[in-house]
Amino acid sequence: MYYTKKITDSVTWVGGVDRRLALFENLFPIENGVSYNSYLIMDDKTALLDTADSAISLQFFENVEHTLDGRSLDYLIVNHMEPDHCACIGELIRRYPEMKIVGNAQTFKFIKQFFDVELGEKAVTVKEGDKLSLGTHELSFYMAPMVHWPEVMATYDATEKILFSADAFGTFGAMNGTIFNDEEDFEGEWLDDARRYYSNIVGKYGPQVQAVLKKLKGLDIAMIAPLHGPVWRSNIDWFIDKYDKWSRYEAEEQGIVIAYASMYGDTANAADILAGELVEQGAKNVKVYDVSKTHVSKLISEVFKYSNLVIACPTYNNGIYPAMHEFINDMKALGIQGRKVGIIENGTWAPAAGKAIRAELESMKNIEIVEPVVTIRSALQSDSRTQLEALAKGML
Ligand code: FEO
């Protein structure tokens, strides 16, 4: 049965939610599910903005058909060609053979790669600033390359002042019968997932996000309609400010994330003692994580949120413990920068993790390594505890 939501009198959400999927991109745990948003504008001409993931295709097609109410579909506007949004394009072409497809040159390149179709005159190629009138609704197109794919664009409806923003301003999480941000406790229940979504999926492309934020500054925006999560109709500046901070790699709050790896508990013991010392000295937001038990996407999200990080790690194969190495590699890949970082290494006969971690951190931008690097030989002893206390002071 169809399940749709009105965004305005003439714009309807025709997407769907998925609470069964365990891993988004077969990579990121999504215990709160995810939504795939698609929007249908009913005017003299009808226009669908993006399709949906194949997992919800039956729901999606039922929603589109119901909303069209017997009318034809004139346009499909493709803001993003990742399969969680483009999977239904082939079937949509079969169902609505008169439909024209609006995208940029890169969009059509990708459509041909994903689908064995010859679009011919169905393809309407747009570039920065081009406009499309649906009757009352006047749409214009803004390119957003590498946020986070090269073909990404945003569509602005000047009539209703809605920005269809592709993945930007999206979040993990399935709506609870709601569609607008202010129908949910976003800051309390969604923000962590929004940060985890941004930091892991778009995080590498901070400069490109900054470029788009600048471009959109001149637009009068009443609503932001992303491809995942609720539609923003209030408190929009608050969420744009989050994006601004995240894309500048600026911490939201002062705080110290202690990420440790520990094979037998000795490095964990040092991490706990450090956390206790920091709290006693007045530190706020001290967060301790075992990297072997915490999904790396959560660790990344916490590093985006807080200003300081301590890495505590045993030596393994004369280098960095594997789970910690994955975390550090991910930080590098996502361009994390501008953080104050402490290092604790452990090694029974030849501690080597600290040197390797330092080299990794020095290859990243604007990372301040806090001295001393604490060296533990097997288990914390009075000399290494003294080093740990010195590190605690440096981290404040
Ligand atoms: Fe939600 Fe980049 O796809």
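**Exercise 1. Backbone exceptions**

Pro-372 is found in strand β22 (residues 368-376), strands (E, at least two residues) and helices (H or I, at least four) being DSSP runs numbered from the N terminus. The model is predicted, so local features need pLDDT of at least 70 and side-chain atom pairs count only at pLDDT 80 or more, while totals for chains, interfaces and linings use all residues. Residues are numbered from 1 along each chain as its sequence is written, and side-chain values use heavy atoms, with hydrogens and water left out.

Solution. 
- Step 1. Most peptide bonds are trans, and most residues other than glycine have a negative phi.
- Step 2. Ala-166, although not a glycine, has a positive phi of about 60 degrees.

**Exercise 2. The faces of α6**

Task: determine which residues of helix α6 are buried and what covers them.

Solution. 
- Step 1. Within α6 (residues 206-216), the buried residues are Gly-206, Val-209, Gln-210, Val-212, Leu-213 and Leu-216.
- Step 2. These buried residues line one face of the helix, because they fall within an arc of 165 degrees when seen down the axis of α6; the arc is that of the directions from the helix axis to the C-beta atoms.
- Step 3. Pro-207 and Lys-214, on the other side of α6, are exposed.
- Step 4. The cover over the buried residues includes β15 (162-164), α5 (186-202) and α7 (236-247), where contact means heavy atoms within 4.5 Å.

**Exercise 3. The packing of α5 with α7**

Task: describe how the axes of α5 and α7 cross and which residues of the two helices meet.

Solution. 
- Step 1. Two packed helices are described by the distance between their axes and the angle between them.
- Step 2. The axes of α5 and α7 come within 12 Å and cross at roughly 35 degrees. Axes are lines fitted to C-alpha atoms, for helices over the stretch in contact, with angles from 0 to 180 degrees between N-to-C directions.
- Step 3. From α5, Phe-186, Glu-187, Leu-191, Ala-194, Arg-195 and Tyr-198 meet Trp-238, Phe-239, Lys-242, Tyr-243, Trp-246 and Ser-247 of α7.
- Step 4. The residues of this contact divide into eight nonpolar, one polar and three charged.

**Exercise 4. Salt bridges**

Task: identify the salt-bridge partner of Arg-195 and the partners of Arg-248.

Solution. 
- Step 1. A salt bridge is a side-chain nitrogen of Lys or Arg within 4 Å of a carboxyl oxygen of Asp or Glu; by this rule there are 18.
- Step 2. Arg-195 meets Asp-192 in a salt bridge (2.9 Å, N to O). Both lie in α5, three residues apart, about one turn of the helix.
- Step 3. Arg-195 is buried at 1% relative accessibility, whereas Asp-192 is partly exposed at 44%.
- Step 4. Arg-248 forms salt bridges with Asp-244, the closest N and O atoms being 2.8 Å apart, and with Glu-250, at 2.5 Å.

Technical notes
Buried < 20%, exposed > 50% of the residue type's maximum accessible area, 1.4 Å probe, protein only. Nonpolar A, V, L, I, M, F, W, Y, C, P; charged D, E, K, R; others polar.
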